[in-house]
Amino acid sequence: MSEFIYQKTKAPCGIAVEEIYGADEKSAKVWKLFAMQILSEADGDYREIAHLDNGAPLLDGVPQRVSVSHTSHHLVMASIPKTPDINLEEVSPRTAIGIDIEKADRKQVVGVREKFLSADEMKLLPDVPESDEASPESVKDLILAWTCKEALYKAALGLSPDWKEDYRILSLPKIADRCSAATPDRYGRGAVRLPDGKVLDMLLSSWMSEGEVVTLSFSPKIPIFK
């Protein structure tokens with residue numbers, strides 16, 4: 001019987017990344033409950049995962065921005081140092097981070113690519129044929145774009161409504177084979193247009209973990225773990 005595996009690393013960008021995977025024999029619903037419990041108990045003191053009204057996660061009573069994502073049997077959480085000077089219910093360049101994870105072979109993304117990618121973003125990707133003909137690499141390229149969009153959405157707390165125009169991929173990151181190899185020379189760039197018209201400049205970092213694509217979006221102005 002497989003076991004839960006917990007690990008914590010620091011990405012080259014200075015963001016802490018915690019992962020839980022394994023225990024594939026459990027149903028996805030039960031697995032998530034166990035994984036969230038493990039995540040809450042890891043790293044010393046008990047950490048209660050709470051949520052803002054819009055669904056964005058935060059550590060209850062702790063002034064620290066976190067972002068969480070999961071697939072059926074893999075959970076990731078990104079965090080930056082505490083920022084007691086910032087209201088975490090608002091979007092700020094000092095706290096804008098988002099993380100997303102998705103299975104690299106999820107072909108469903110092929111059929112919906114025009115719903116989340118703008119015309120300019122489609123040009124960043126190789127031509128992708130229909131779902132039943134798409135190569136594994138073409139699918140992974142689209143999964144990368146999907147996770148970039150999701151990570152940008154989470155960094156902005158989902159406050160902007162238009163996936164195509166408010167969350168923009170300017171250049172795609174190069175996928176590293178592991179978190180520690182996702183160095184600055186592999187970063188992509190993104191931008192988020194907020195409801196007040198301001199634009200957040202964002203960096204994008206991506207790597208593979210257990211056969212899945214993980215993407216971080218973050219503002220260059222965030223505090224980082226040294």
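In what order do the five strands of the open sheet stand, and is their pairing parallel or antiparallel? The order is E7-E11-E10-E9-E8, and the pairing is antiparallel. Strands and helices are DSSP runs numbered from the N terminus, with at least two residues (E) for a strand and at least four (H or I) for a helix; two strands pair if DSSP finds at least two bridges between them. The model is predicted, so that local features need pLDDT of at least 70 and side-chain atom pairs count only at pLDDT 80 or more, whereas totals for chains, interfaces and linings use all residues. Residues are numbered from 1 along each chain as its sequence is written, and side-chain values use heavy atoms, with hydrogens and water left out.

At the edges of the five-stranded sheet are strand E7 (97-103) and strand E8 (167-171), each of which pairs on one side only. On average, neighbouring strands of this sheet are turned by 25° against each other, direction ignored; axes are lines fitted to C-alpha atoms, for helices over the stretch in contact, and angles run from 0 to 180 degrees between N-to-C directions. Within the sheet, six bridges link strand E9 (residues 188-193) to strand E10 (residues 199-209) in the antiparallel sense. Arg189 has Leu203 in E10 as its bridge partner. Helix H5 (residues 136-155) packs on this sheet and touches E7, E8, E9, E10 and strand E11 (212-218), contact meaning heavy atoms within 4.5 Å. The direction of H5 makes about 150° with that of E7.

A further open sheet has four strands in the order E1-E2-E6-E5, again with antiparallel pairing. Because E1 and E5 stand at its edges with a single partner strand each, one side of each is left without a neighbour in the sheet. Seven bridges join the antiparallel strands E1 (residues 4-10) and E2 (residues 16-22), and Tyr6 stands opposite Ile20 in E2. Five residues lie between the strands of this hairpin, in which Gly14 takes a positive phi near 95°. E2 also pairs with strand E6 (residues 74-79), in the antiparallel sense and over six bridges; Val17 stands opposite Ala78 in E6.

The largest nonpolar core has 26 residues, and those with the most contacts inside it are Val109, Leu117, Val192 and Met202. Such a core is a set of buried Ala, Val, Leu, Ile, Met, Phe, Trp, Tyr and Cys residues joined through side-chain atoms within 4.5 Å, where buried means under 20% relative accessible area (exposed over 50%, partly exposed in between; 1.4 Å probe, protein chains only). Helix H2 (108-111), H5, E8 and E10 are the elements that give two or more residues to this core. H5 gives the most, with eight residues. Leaving aside neighbours within four places in sequence, Val192 is in contact with Leu152, Ala156, Asp166, Tyr167, Lys198, Val199, Leu200 and Met202. A second, separate core of 20 residues includes Ala11, Cys13, Ile15 and Leu216.
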